[in-house]
Amino acid sequence: QLAALDAALDAARREGATDALTGLGNRRALDEALARAAAEGGLWGRPAALVLFDVDGLKATNDTLGHAAGDAALGAVADALARTFLGRGDVLARHGGDEFAALLPGAGAAEAARLAGRAVTRVAAAAAGSGAAYGLSAGVAALRSGEAPAAWAARADAALYGAKRGGRGRVGEG
């Protein structure tokens with residue numbers, strides 16, 4: 001009975017850290033992973049990069065094709081991210097309604113930007129194949145020594161919105 005209860009508790013923890021629509025981690029899982037990565041960076045000088053993504057055109061997809069198409073677009077984005085970020089310790093999460101994140105322990109900004117560009121390309125191809133008009137923009141920030149998780153995330157967010165101002169479907173670095 002104890003083993004069954006332990007298994008049920010583990011399943012509940014996983015479910016509590018998972019976004020139901022995409023199957024990726026949720027905001028809580030991301031926040032915990034960011035705190036761990038920042039602590040490891042501070043203790044051991046281990047590099048890490050954070051990529052924040054925003055789905056461009058999701059509202060228009062929902063408005064013109066319906067919410068089922070919007071949900072399909074979110075699923076396609078999650079799939080593209082899962083096929084792009086394959087590092088053993090990488091953490092993928094749905095950050096908010098149309099925002100996603102990839103935390104890459106051990107990676108620098110250049111590697112993260114390269115992978116983010118690959119994800120942007122994959123999402124563009126998925127959108128073209130679906131007939132929906134959505135895309136992906138990204139912002140990359142490498143962890144700085146002694147940086148708090150909130151400051152790190154704010155830099156990635158600023159890089160994301162810089163990319164969107166530059167024309168969407170781009171990768172910004174901060």
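Modeller: Happy to, and please keep in mind that this is a predicted model. One definition to start: two strands pair if DSSP finds at least two bridges between them.

Biologist: How many bridges join strand E1 to E3, and which way do they run?

Modeller: Strand E1 covers residues 48-56. Within this pair, Phe53 stands opposite Phe100 in E3. E1 and E3 run antiparallel, and the number of bridges joining them is 7.

Biologist: Which residue of E4 is the bridge partner of Phe53?

Modeller: E1 is also joined to strand E4, residues 135-142, by 8 bridges, and the two run antiparallel. In E4, the partner of Phe53 is Ala138.

Biologist: What is the order of the strands in the sheet?

Modeller: E2 (residues 91-94) is joined to E3 by 4 bridges, and the two form a hairpin with 4 residues between them. The open sheet has 5 strands with mixed pairing, in the order E2-E3-E1-E4-E5.

Biologist: Which strands stand at the edges?

Modeller: Two strands have a single partner strand each, so one side of each is left without a neighbour in the sheet. These edge strands are E2 and E5.

Biologist: Is strand E3 largely enclosed or exposed, and why?

Modeller: Buried here means under 20% relative accessible area. Of the 7 residues of E3 (residues 99-105), 6 are buried, so the rest of the structure leaves this strand largely enclosed.

Biologist: Which helix packs on the sheet, touching E1, E3, E4 and E5?

Modeller: Its direction makes about 170° with that of E4. The helix spans residues 109-130, and its name is H5.

How values were computed:
Residues are numbered from 1 along each chain as its sequence is written. This is a predicted model: local features need pLDDT of at least 70, side-chain atom pairs count only at pLDDT 80 or more; totals for chains, interfaces and linings use all residues. Side-chain values use heavy atoms; hydrogens and water are left out. Buried means under 20% relative accessible area, exposed over 50%, partly exposed in between (1.4 Å probe, protein chains only). Contact means heavy atoms within 4.5 Å. Axes are lines fitted to C-alpha atoms, for helices over the stretch in contact, and angles run from 0 to 180 degrees between N-to-C directions.
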